[in-house]
Amino acid sequence: MGKIKIAVKTPRIDMTPMVDLFFLLLVFFILTATFRPEEAAPIKTPMSTSQTPIPDSHLVTILISKDDKVFFNVDNGTDSTEHIRAKVLQAIGSNYKISFTPKEIKKFEGLASFGLPAVKLKDFLNAPDQKAREAMQIGIPIDSLDNQLTMWIRFARTYNNDLSFAVKGDGDANYPTVKKVLAVLQDNNVNKFNLTTDLKAAEIPSDFIIK
Amino acid sequence: MAEIVQEEGHKKGGKRKVKKHGTHIDMTPMVDLACLLLTFFMLTTAFNKPKVMEINLPEKPKENEKPPELDKNRALNIILVQNDRVLWYVGLADPNKTLPVLNEENFSKEGIRKVLLERNKALYMSIATMNRDVTVGKLKLSRDSIEGRVKRFYHADKVGPIVLIKAADGVKYRNIVDIIDEMAITNIARYTLVDINPVEKTMVQAYLAAHPSVTAIK
């Protein structure tokens, strides 16, 4: 009878600060997130010690995949009013006597890199899904007979003379393909360009380190 | 949790007051959702932008224009071969004279990097000294003026090697990036990518026949 019961209280945690923090972080991440459309092929870039960041816009990227396919990408400009991609596509279209509907152009603007002969572009843009598009990506022809990479570079430069160029190759791509791409760039008087790499630290043999 | 508990009014004068409940919102689902989205955005955000390595290739020589003469004592030829192997020799391979001996190195810090550093010691040391002075604070320079100084050092270089990078068959893109990166690490002022010539091809073939695997060296 003399036992005293201790009242068991459910501990109540005030979650308000936590929720506040969550939302703060959430807003931060939403605002900083940049959505990049999926690339045409997975590319594992080699490592280098270079620390220069890649330019934000006005950049032509030439991708070389592991199986030596070449893809092309040009960004749409610093803001959505430039429509560089749309202009380049229309120029290519008029060169190949293909006319693109506004819907197709819009679709093209939203995509990232692509790699297919220009004649297939219309089918590519009307492809029902990502899978069908992927199947069409057989690489841009870069042989001397039908060098469409040159054409893309030229048309991209027509609308923007201030472009910088980046070559984003897979570490396992074969050098002859890379050499061909570099030769195309040189033929177009692009002698200064960037190779996209991942960062690694430089190690120097001990007798060359200055104390 | 935000909770407002209102005291119920006492019944007065027979008036019936509607019983008021404390507004108590269960925030758990909202917190769950916020947490989920937060995780998603955190994982998808790529903070580190890819880096780029700038390279400048010489302009293509115009027709009937002679390529510039090369001081053959300064010419250091690096031939990349399959399986990440690196061969090098100094001078020019003249088929009418005795062919230079190929040396083999690898891509480690004691490998080709050491060879390049030894040959480029003067330039490397002056740039490294400047960089050290900047880090210790002895020298106050902006990032741009450091770059400018490095360029001037490069330009004034009269003794360092002129590196000719050549690739034999079976070379991967990775090897090219590695070797260009070596040039940057060791501050080589002059280097370029050139095609391998037939004499070097036979030299490489003979070398690989004699040394089929990497373990055969040293």
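## Report on a predicted two-chain model

In strand β5 of chain B, Ile165(B) is the bridge partner of Ile78(B). This is a predicted model, in which local features need pLDDT of at least 70 and side-chain atom pairs count only at pLDDT 80 or more, while totals for chains, interfaces and linings use all residues. Residues are numbered from 1 along each chain as its sequence is written, and chains are lettered from A and ligands numbered from 1 in the order in which they are written.

**The strands around β5(B)**

Helices (H or I, at least four residues) and strands (E, at least two) are DSSP runs, numbered from the N terminus. Two strands pair if DSSP finds at least two bridges between them. Strand β2 of chain B, residues 75–81, pairs with β5(B) in the parallel sense over 6 bridges. A parallel pairing over 4 bridges also links β5(B) to strand β6 of chain B, residues 190–193. Ile165(B) stands opposite Leu193(B) in β6(B). In a regular strand the side chains alternate between the two faces of the sheet.

β5(B) spans residues 162–167 and is mostly covered, with 5 of its 6 residues buried. A residue is buried if 20 or more other C-beta atoms lie within 10 Å of its own, exposed if 12 or fewer, and partly exposed in between, with C-beta atoms placed from the backbone. Together with helix α5 of chain B (residues 173–185) and β6(B), β5(B) makes a right-handed β-α-β unit. A crossover is right-handed if, with the strands pointing away from the viewer, the path from the first strand over the helix to the second runs clockwise.

**Chain B as a whole**

Chain B contains 6 helices and 6 strands, and their order along the sequence is α-β-β-β-β-α-α-α-β-α-β-α. Among its 218 residues, 26% count as buried. Two residues are in contact if their C-beta atoms, placed from the backbone, lie within 7 Å. Of the contacts in chain B with a separation of 6 or more, 64% are between residues 24 or more positions apart.

The domain assignment of chain B gives domain 1 (69–120 + 161–218) and domain 2 (121–159); such bounds come from an automatic or database domain assignment. The C-alpha centres of the two domains of chain B lie 27 Å apart. Their contact takes 6 residues from domain 1 and 6 residues from domain 2. On the side of domain 1 that touches domain 2, there are 2 nonpolar, 3 polar and 1 charged residues. In these classes, Ala, Val, Leu, Ile, Met, Phe, Trp, Tyr, Cys and Pro count as nonpolar, Asp, Glu, Lys and Arg as charged, and the others, Gly among them, as polar.

The average pLDDT of chain B is 80, and 84% of the residues score at least 70; pLDDT is the predictor's confidence in each residue, from 0 to 100. For the complex, the predictor gives an ipTM of 0.76 and a pTM of 0.76.

**The contact between the chains**

The contact takes 48 residues from chain A and 43 residues from chain B. On the chain A side, α1 (16–32), β2 (52–53), β5 (164–169), α7 (175–187) and β6 (192–199) each supply at least two residues. The largest share of this side, 9 residues, comes from α1(A). By class, the side of chain A that touches chain B has 25 nonpolar, 16 polar and 7 charged residues.

Strands also pair across the two chains: β2(A) and strand β1 of chain B, residues 51–56, run antiparallel and are joined by 2 bridges. Within this pairing, Thr52(A) stands opposite Val52(B) in β1(B).

**Individual residues of chain A**

Leu199(A) lies in strand β6 of chain A. Leaving aside residues up to four places away in sequence, Leu199(A) touches Gln51(A) and Lys51(B). The C-alpha atoms of Leu199(A) and Ala86(A), 113 residues apart along the chain, are separated by 33 Å. Leu199(A) is classed as partly exposed because 14 other C-beta atoms lie within 10 Å.

Asp68(A) is in the loop between β3 (59–64) and β4 (70–74) of chain A, whereas Asn189(A) is in the loop between α7 and β6 of chain A.
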